[in-house]
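Subject: Structure handover

Hello,

Here is the structure I promised to pass on. Please open it first, then read my notes below.

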Amino acid sequence: MEIVKLHPEKLTFEDFWKVCPKKVGRALTRAKFDAITSDAGLQTRTLDRDSGNYVDIHLKATASELVSAMRRYEKAQTDPKTFGLKEDGKFTLHPATWLNQGRWMDQ
């Protein structure tokens, strides 16, 4: 079998979606992905649970960064040696939430 290597500059939303451990909210996820990988990035806000206030954040990344980080997240969520997929994915983030919270910058 021939292994095809993807060039980072050619990665797309479809490559990202393939590695998402929880495939829900495709349309919203695509909108977030497209905005984050655009020249302008995504201006959004997220809840700071400590203060109860929303914090404005700007998110920008390449498709390569997002796909690579989602691969790590998917592995952490499905590899029984790490966390495993607990309670059928109950605690696995939806991909749009993962993007909106800038989770690719974790770890």
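Phenylalanine 16 is buried, at 0% relative accessibility. Buried means under 20% relative accessible area, exposed means over 50%, and partly exposed lies in between (1.4 Å probe, protein chains only). This is a predicted model: local features need pLDDT of at least 70, side-chain atom pairs count only at pLDDT 80 or more, and totals for chains, interfaces and linings use all residues. Residues are numbered from 1 along each chain as its sequence is written, and side-chain values use heavy atoms, with hydrogens and water left out.

Aromatic rings

The structure holds 7 aromatic pairs. Rings of Phe, Tyr and Trp (its six-membered ring) pair if their centres lie within 6.5 Å; planes under 30 degrees apart are stacked, over 60 edge-to-face, and the rest tilted. Phenylalanine 16 and tryptophan 98 make a tilted pair, 5.9 Å centre to centre with 40° between the planes. Phenylalanine 16 is in helix α1 (residues 13-19) and tryptophan 98 in helix α4 (residues 95-100), so this pair ties together parts 82 residues apart in sequence. Helices are DSSP runs (H or I, at least four residues), numbered from the N terminus. Tryptophan 98 is buried, at 2% relative accessibility. Tryptophan 98 also pairs with tryptophan 104: the centres are 6.4 Å apart and the planes at 55°, so this pair is tilted. One aromatic cluster takes in Phe13, Phe16, Trp17, Phe33, Tyr73, Trp98 and Trp104.

Salt bridges

The count comes to 4 salt bridges. Each needs a side-chain nitrogen of Lys or Arg within 4 Å of a carboxyl oxygen of Asp or Glu. Glutamate 14 bridges to arginine 26, with the closest N and O atoms 2.5 Å apart. Glutamate 14 lies in helix α1 and arginine 26 in helix α2, so the pair ties together parts 12 residues apart in sequence. Arginine 30 also bridges to glutamate 14, at 3.3 Å. A network of salt bridges links Glu14, Arg26, Arg30 and Asp34. Elsewhere, arginine 103 meets aspartate 106 at 2.7 Å, N to O.

Lysine 32

Which helix holds lysine 32? It is helix α2 (residues 26-36). Lysine 32 is buried yet has no salt bridge. The nearest side chain of opposite charge, aspartate 56, is 12 Å away.

Best wishes

Key. Helix = DSSP H or I, 4+ residues; strand = E, 2+ residues; numbered from the N terminus. Lys, Arg positive; Asp, Glu negative; His and termini not counted.
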